[in-house]
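Look at the aromatic side chains first, then at the nonpolar core and the confidence scores.

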Amino acid sequence: MEEIRRLDEALEKEIASKPFIKCYEGIRKRHPAIRPFQRPGDLIAFLHDRRAPSYSINDEIFRALIGEFNSRRPSGDVGPLCRVLLRPGLQRVFHIYRRRLPYVTGVDEADLWLQIRKEALEVLHDWDLAKYPMKIPSGIIGRVSNRIRSWYRGIEKEERAAVEFQRDGVTIEDEAVSLPDAASPSGWIMEAKEILEDLAALRVI
């Protein structure tokens with residue numbers, strides 16, 4: 001967890017830097033939804049406050065930020081701000097899938113967190129505002145969760161192939177080798193149920 005903490009601290013420092021503050025000032029001028037929030041910290045505090053969430057304002061803010069993210073303006077990249085805004089939901093995904101780390105080799109908590117951050121940026125880049133203009137934060141988190149599940153499946157598939165190769169022709173089906181995926185239908189159903197229950201709480205970030 002120490003490496004994850006350092007990664008998050010570096011992100012916070014980047015958002016607090018003078019170049020990023022200058023970038024943020026330009027965003028505020030261009031987007032009325034963000035104009036009320038004088039500093040990035042004000043915007044973060046607003047979106048992370050779950051006491052009285054405003055879904056319509058949240059969507060307006062994310063529509064503006066996704067537009068900025070995909071514009072690739074030379075004045076700056078809003079990716080770091082988006083990752084911080086989405087962090088509560090991304091952390092929820094991390095805690096859901098951290099339970100599977102003992103079943104894969106060569107992947108630790110820092111690898112998982114980096115992969116989640118990477119997937120979040122890819123989802124932001126691919127987001128179609130014309131098709132999905134509402135419930136954007138929860139939609140992003142849901143897609144990131146799906147991508148991480150596929151990422152795990154890819155790792156597990158590679159591990160099965162390696163086991164089969166090492167056994168020199170003896171396949172996984174010949175002996176009981178368990179991995180927490182489709183190999184155990186009842187186990188996967190229970191895991192999917194838990195994931196859905198957790199994601200149901202992610203209507204807001």
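**Aromatic rings, core and confidence**

The charged end of Arg100 sits over the ring of Tyr152, 5.1 Å from the ring centre. A charge counts as over a ring if NZ of Lys or CZ of Arg is within 6 Å of the ring centre and within 35 degrees of the ring normal. This is a predicted model, in which local features need pLDDT of at least 70 and side-chain atom pairs count only at pLDDT 80 or more, while totals for chains, interfaces and linings use all residues. Residues are numbered from 1 along each chain as its sequence is written, and side-chain values use heavy atoms, with hydrogens and water left out.

**Aromatic pairs and charges**

- Rings of Phe, Tyr and Trp (its six-membered ring) pair if their centres lie within 6.5 Å; planes under 30 degrees apart count as stacked, over 60 as edge-to-face and the rest as tilted.
- The count by this rule is 5 aromatic pairs.
- Phe94 and Trp113 are edge-to-face because their planes stand at 80°, with ring centres 5.8 Å apart.
- Phe94 lies in helix α6 (residues 87-98) and Trp113 in helix α7 (residues 109-126), so this pair ties together parts 19 residues apart in sequence. Helices (H or I, at least four residues) and strands (E, at least two) are DSSP runs, numbered from the N terminus.
- Phe94 is buried at 4% relative accessibility, and Trp113 is buried at 3%. Buried means under 20% relative accessible area, exposed over 50%, and partly exposed in between (1.4 Å probe, protein chains only).
- Tyr97 and Tyr152 are stacked, 5.9 Å centre to centre with 20° between the planes.
- Tyr97 is in helix α6 and Tyr152 in helix α8 (residues 136-166), so the pair links parts 55 residues apart in sequence.
- Tyr97, Trp151 and Tyr152 make up one aromatic cluster.
- The charged end of Arg143 sits over the ring of Tyr132, 4.7 Å from its centre.

**Nonpolar core**

- A nonpolar core is a set of buried Ala, Val, Leu, Ile, Met, Phe, Trp, Tyr and Cys residues joined through side-chain atoms within 4.5 Å.
- The largest core has 48 residues, and Ile116 and Ile148 are among those that touch the most other members.
- Helix α8 gives the largest share of this core, 8 residues.
- Leaving out residues up to four places away in sequence, Ile116 touches Leu90, Val93, Phe94, Val144 and Ile148.

**Confidence**

- The protein chain averages a pLDDT (the predictor's confidence in each residue, from 0 to 100) of 82, and 76% of the residues score at least 70.

Definitions and conventions: Contact = heavy atoms within 4.5 Å.
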